[in-house]
Amino acid sequence: MSGEFSFIARHFRPLAGRESLDLRDDCALISCPPGQELAISTDTMVENVHFLPDDPPETLGRKLLRCNLSDIAAMGAAPYAYTLNVTIPRGPRHNDTWFSAFVAGLSEDQAQYGVTLLGGDTTSTSGPLVLSATVFGRLSKGTALRRNGAKAGDSLWVTGTIGDAALGLLTLQGKISDPSGFLADRYRLPQPRTGLALNGIVHAAMDISDGLIQDCQHIAEESEVAIDLQTEAVPASPAAKTLGPAWLEQRLTGGDDYELLLACPPEHEHSLARICREAGVPVTRIGSLRSGRGVRALNRDGQVIQFLKGGWQHF
Ligand code: TPS
């Protein structure tokens, strides 16, 4: 067996599910039961762009999977499988020990989120480590949550707390301190909000990856509405609160939250709160939608706050 094939058999075959055909053929074969459709999402993570060179291999695969699972959750689909592309820098660091840890992390999350590996590709490079995954989810035909369904009169909600990962990156870069390590953990291991049955409850949903303000703009643009965001209402973790109000802009524009941003009609607010409570997922009302365009970030006195940054931009 060639090096690449024995490498795949050793590391990746234990992650493979039935539809992968044991990673022995050129394709996986996936079926979609009648009345259902596939939700497909892909994400790439590049060393020094999406993660730090020191991030442990155990969490890298998990973060990759979780960012994709968060997209599947945002569309209201149930994840079931994924493909994985790994581009490995040549050199001693990414050896069998590194890959065993990387696969152990993936294996743990496969069990947690009920997904298996369908296939993928392994290549080498003289550049940085690049990891890419495509996650497949299923949902009943026509029930997907979209960004374009929000309406004037809806209220705006978020799951979890906002800004922890962006602050966590700053702690790992030595720019701020969080002795608890909570914020760094949130940067390395997002919590995708899979399993919330919000189809038919909320009008619009998306996951927050580029920063709350910028992702509000996405919903506002796609749904052709205006959003008033009550910045005081945006939930902060105890660790973020410890750092004080000076970090508000970083929290709302830094990105990497992987929480859900939801637009909910008044008649479904109770159902939204109940579904999240039963799933053990905190959900908080952070604003309202009205006719018009654009996003206004408001302080507690109702004055508009101008942030210097909008959110994460690759280009
Ligand atoms: C080392 N960051 C990078 S990409 C992105 C964010 C918020 C948006 C989502 O990515 N520097 C390091 N790690 C990070 N995670 C960031 C900066 C922040 P995409 O749009 O590719 O899905």
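How far apart do the C-alpha centres of domain 1 and domain 2 lie?

1. The C-alpha centres of domain 1 and domain 2 lie 26 Å apart. The domain assignment of the protein places domain 1 at residues 3-140 and domain 2 at residues 155-298, with bounds that come from an automatic or database domain assignment.

2. A word on the basis of these points. This is a predicted model, in which local features need pLDDT of at least 70 and side-chain atom pairs count only at pLDDT 80 or more, whereas totals for chains, interfaces and linings use all residues. Residues are numbered from 1 along each chain as its sequence is written, and side-chain values use heavy atoms, with hydrogens and water left out.

3. Where the two domains meet, 21 residues of domain 1 are in contact with 16 residues of domain 2, contact meaning heavy atoms within 4.5 Å. Between them the domains bury about 1,600 Å², of which 58% is on carbon and sulfur atoms; buried area here is the accessible area (1.4 Å probe) that two parts lose on being put together, summed over both. On the side of domain 1, the residues that lose the most area to domain 2 are Leu 52, Lys 63 and Arg 66, which together make up 30% of what that side buries.

4. Across this interface the rule finds one salt bridge, defined as a side-chain nitrogen of Lys or Arg within 4 Å of a carboxyl oxygen of Asp or Glu. The side chains of Arg 188 and Asp 55 meet in a salt bridge, at 2.8 Å from N to O.

5. Helix H2 (residues 57-74) supplies the largest share of the side of domain 1 that touches domain 2, namely 10 residues; helices (H or I, at least four residues) and strands (E, at least two) are DSSP runs, numbered from the N terminus. By class, that side of domain 1 has 11 nonpolar, four polar and six charged residues, where Ala, Val, Leu, Ile, Met, Phe, Trp, Tyr, Cys and Pro count as nonpolar, Asp, Glu, Lys and Arg as charged, and the others, Gly among them, as polar.

6. Leu 23, in the loop between helix H1 (3-12) and strand E1 (36-46), has a phi near 60°, a positive value in a residue other than glycine. Glu 224, in the loop between helix H6 (212-223) and strand E7 (226-230), likewise is not a glycine and has a positive phi of about 55°.

7. Leu 23 is buried, with a relative accessible area of 16%, whereas Glu 224 counts as exposed at 52% relative accessibility. Buried means under 20% relative accessible area, exposed over 50%, and partly exposed in between (1.4 Å probe, protein chains only).
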